[in-house]
Amino acid sequence: MTILQSLIMGLVEGLTEYLPVSSTGHLIITQYLLGMEDSDSMKAFEICIQGGAILAVLGLYFQRVAAMVRGVLGKDRAGLRMLVNTMVAFMPAAVIGLLCNDLIKEYLFNAHTVMISWAVGGIVILLYVAGRNKSGKGFGGKPLEELTWKGALGVGFMQCIAMCPGVSRSLMTMLGGLCVGLSVAGAVEFSFILGLVTLGAATCHDAYKYGAHMVEDIGWGPMAAGTVMAWASAWIAVKWMVGYLNRHSLAIFGWYRIAAALVMLALILTGFEISEKEEAPAPQPAPAEAQAATEK
């Protein structure tokens with residue numbers, strides 16, 4: 001992997017990780033368009049550059065995280081409640097992810113799944129937005145401080161749906177927050193805070209399991225470049241989205257996902273497929289007669 005390729009991958013990761021558009025699907029297409037080889041090291045790299053996006057959100061929501069730390073020390077009851085809600089929301093993904101990770105990769109990690117997930121997610125967003133506008137309820141709701149553990153658990157189960165490639169963790173947690181009565185600002189913020197734990201756990205897991213292979217196959221330079229780019233682009237994307245959603249609905253992301261699904265469909269029709277690369281068969285030893293003939 002070159003530095004330029006890692007910068008492009010980091011840019012895509014940072015811009016899409018916290019937007020409700022699915023970073024996984026975008027990274028898959030980016031890797032394909034850059035002609036990069038599929039491997040365990042590459043898949044781990046795609047997970048580990050999330051570290052940059054995590055640091056961006058950690059910086060933007062430092063006060064909220066600090067309150068959670070003070071809660072552990074018994075100095076902030078609201079912070080402790082937020083920490084409990086975050087861990088409750090994280091548990092479904094932790095359990096289901098450990099149980100179903102291999103099955104998901106085997107049966108769902110393909111171009112058709114990403115395309116369908118993008119399209120369905122886009123339609124769901126547009127229907128939800130239309131329903132809220134039609135009911136006249138708009139996008140009001142309660143602040144994040146009023147989230148209960150039951151509501152947090154509901155958001156956690158919604159997050160599990162995003163294990164299907166192309167669905168988007170951010171989309172499901174934001175919709176989950178809105179469905180349990182949070183305001184748009186509260187749903188977005190809880191999605192980000194929950195992402196710190198969920199993405200952080202995934203990053204640590206893959207870094208521990210594949211770290212040595214990543215260093216050997218990719219190198220420290222590209223890994224560092226991709227992570228820094230993911231941090232910078234995630235910072236920009238999160239700041240923009242928070243400001244945008246304070247004035248607008250999620251509709252733009254619904255239309256974007258449908259457009260992305262059409263792009264994926266075009267790629268599929270031209271022969272694109274996400275699959276494990278087949279290993280070349282090991283060379284067979286020459287028959288004894290052939291070896292003897294060669295020696296003569």
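**Exercise 1: Getting your bearings**

Work out how many helices and strands the secondary structure of the chain comes to.

*Solution.* Start by counting elements: the chain has 13 helices and 0 strands. Keep in mind that you're looking at a predicted model. Next, read along the sequence, and you get the pattern α-α-α-α-α-α-α-α-α-α-α-α-α. Then look at burial: of the 296 residues in the chain, 49% are buried. Last, check the contacts. Among those with a separation of 6 or more, 81% are between residues 24 or more positions apart.

**Exercise 2: Checking a helix length**

Work out what span the 15 residues of H1 should have, and compare it with the distance between the end C-alpha atoms.

*Solution.* First, take the expected span, which is 1.5 Å times one less than the number of residues. For the 15 residues of H1, that comes to 21 Å. Now look at the model: the end C-alpha atoms of H1 are 21 Å apart, so the two values agree.

While you're there, see which residues of H1 are buried: Gln5, Ser6, Met9, Gly10, Val12, Glu13, Gly14, Thr16 and Glu17. Here's a handy bit of background: an α-helix has 3.6 residues a turn, so residues three or four places apart point the same way.

**Exercise 3: Exploring the largest pocket**

Say which element gives the largest share of the lining of the largest pocket.

*Solution.* Begin with the volume, about 1,400 Å³ for the largest pocket. There are 41 lining residues, and the closest to the centre are Ile47, Asn101, Lys105, Met163 and Ala202. The elements giving two or more residues to this lining are helix H1 (3–17), helix H2 (23–33), helix H3 (40–48), helix H6 (77–107) and helix H10 (184–217). The largest share, 10 residues, comes from H6. Sort the lining by class and you'll get 19 nonpolar, 12 polar and 10 charged residues.

**Exercise 4: The enclosed cavity**

Describe the lining of the largest cavity by class.

*Solution.* Start with the count: the structure holds 1 cavity of 30 Å³ or more. The volume of the largest cavity is about 70 Å³. Of its 10 lining residues, Leu178, Val184, Val188, Leu245 and Leu250 are the closest to the centre. Helix H9 (169–179) and H10 each give two or more residues to the lining, and the largest share, 3 residues, comes from H10. By class, you have 8 nonpolar, 2 polar and no charged residues.

**Exercise 5: Into the core**

Name the members of the largest nonpolar core that touch the most other members.

*Solution.* This core has 48 residues, and the ones you want are Tyr18, Phe190, Phe192, Met241, Leu245, Leu250 and Phe253. H10 supplies the largest share, 9 residues. A second, separate core has 13 residues, including Leu27, Met214, Ile218 and Met223.

Key
Residues numbered from 1 in each chain as written. Predicted model: local features only at pLDDT ≥ 70, side-chain atom pairs only at ≥ 80, totals over all residues. Heavy atoms only, no water. 1 Å grid on protein atoms, 1.4 Å probe; cavity = no way out; pocket = protein on both sides within 12 Å on 5 of 7 lines; lining within 4 Å. Points joined across faces, edges and corners; volume = space filled by probe spheres on them. Helix = DSSP H or I, 4+ residues; strand = E, 2+ residues; numbered from the N terminus. Nonpolar A, V, L, I, M, F, W, Y, C, P; charged D, E, K, R; others polar. Core = buried A, V, L, I, M, F, W, Y, C linked by side-chain atoms within 4.5 Å. Buried < 20%, exposed > 50% of the residue type's maximum accessible area, 1.4 Å probe, protein only. Contact = heavy atoms within 4.5 Å.
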